[in-house]
Amino acid sequence: MSRVQKNLLNPKKILKIIFYLGLIFVLTFAFISLSNAQKPPKVDLGKHEFESRCASCHGRSGKGDGWLADFLIVRPTDLTVLARNNGGVLPTDRLYQSIWGNSVPLHGPSDMPAWGRTYRREAPEVYFGGPYYPDIYAQGRILVLIEYISRLQVK
Ligand code: HEC
């Protein structure tokens with residue numbers, strides 16, 4: 001009995017236990033941070049694009065209540081009711097034209113910047129002098145936005 005007690009209180013043994021517990025702790029921590037580092041961050045391209053370039057007028061929710069809206073002559077469209085106002089179907093072709101900017105004559109003078117031209121102009125910055133098609137690049141950017149707008153629709 002006294003031998004067991006002597007062994008239990010042996011300071012060398014206690015130090016050893018503390019050392020191994022510490023080691024397990026450090027390894028677990030390293031493992032967790034490594035496995036987190038390997039996960040690619042989730043990026044919602046459409047949301048990011050919408051919030052950085054459209055929300056100023058259309059609002060983060062898409063309802064047309066962005067901070068710039070009060071300064072515009074034409075009120076930004078409420079983008080959340082587009083499907084409801086079109087028999088439950090998102091009018092993607094019309095949206096495409098509106099965002100690209102081709103449909104401006106149809107609307108008359110418009111406060112909506114022509115995004116097709118903007119994205120075409122930005123294409124060279126992304127391709128660093130390699131071969132690229134500005135139209136296809138701009139189309140991709142607009143389709144990503146339409147996909148995001150489709151997620152903003154009210155039932
Ligand atoms: C400077 C303010 C402003 C910004 C920024 C802006 N819009 Fe607009 N948007 C408007 C206005 C104003 C209208 C209404 C135009 C009209 O009725 O002639 C409009 C209309 C639209 C429409 C037309 C909807 C329909 O019924 O056809 C779509 C789609 C749209 N915007 C999407 C976007 C997207 C996507 C972005 C970001 C890339 C964006 N807008 C950025 C002001 C803006």
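Colleague: What covers the buried residues of H8?

Modeller: In this predicted model, the cover of the buried residues of H8 includes H3, helix H5 (92–100) and helix H7 (115–127).

Colleague: Which residues of H8 are buried?

Modeller: They are Ala-138, Arg-141, Ile-142, Leu-145, Tyr-148, Ile-149 and Leu-152. Viewed down the axis of H8, these buried residues fall within an arc of 115°, so they line one face of the helix. On the other side of H8, Ile-136 and Arg-151 are exposed.

Colleague: How do you know that the span of H8 is close to what is expected?

Modeller: H8 comprises 19 residues, and the distance from its first C-alpha to its last is 28 Å. At 1.5 Å a residue the expected value is 27 Å, and the span of H8 is close to that.

Colleague: Why are H3 and H8 called roughly perpendicular?

Modeller: Two packed helices are described by the angle between their axes and the distance between the axes. Helix H3 (residues 45–53) and helix H8 (residues 134–152) pack at an angle of about 95°, and their axes are 8 Å apart. The term applies to angles of 65 to 115 degrees, and H3 and H8 are therefore roughly perpendicular to each other.

Colleague: Which residues of H3 and H8 meet?

Modeller: From H3 come Leu-45, Gly-46, Lys-47, Glu-49 and Phe-50; from H8 come Arg-141, Val-144, Leu-145, Glu-147 and Tyr-148. The residues of this contact divide into five nonpolar, one polar and four charged.

Colleague: What makes His-58 a buried residue?

Modeller: A residue is called buried if 20 or more other C-beta atoms lie within 10 Å of its own. His-58 has 24 other C-beta atoms within 10 Å, and is therefore buried. This residue is found in helix H4 (residues 55–58).

Colleague: Which residues does His-58 touch, leaving aside those up to four places away in sequence?

Modeller: His-58 touches Gly-64, Gly-66, Pro-76 and Leu-79. As for Thr-80, this residue is 22 residues from His-58 in sequence and 9.8 Å from it in space, C-alpha to C-alpha.

Colleague: How many helices and strands are there in the protein chain, and what share of its residues counts as buried?

Modeller: The protein chain has eight helices and zero strands. Of its 155 residues, 14% count as buried. Among contacts in the protein chain with a separation of 6 or more, 39% involve residues 24 or more positions apart.

Note on methods. Residues numbered from 1 in each chain as written. Predicted model: local features only at pLDDT ≥ 70, side-chain atom pairs only at ≥ 80, totals over all residues. Axes fitted to C-alpha atoms, helices over the stretch in contact; angles between N-to-C directions. Helix = DSSP H or I, 4+ residues; strand = E, 2+ residues; numbered from the N terminus. Parallel < 35°, antiparallel > 145°, perpendicular 65-115°, else oblique. Contact = placed C-beta atoms within 7 Å. Nonpolar A, V, L, I, M, F, W, Y, C, P; charged D, E, K, R; others polar. Expected span 1.5 Å × (residues − 1). Buried ≥ 20, exposed ≤ 12 C-beta atoms within 10 Å, placed from the backbone. Arc of directions from axis to C-beta.
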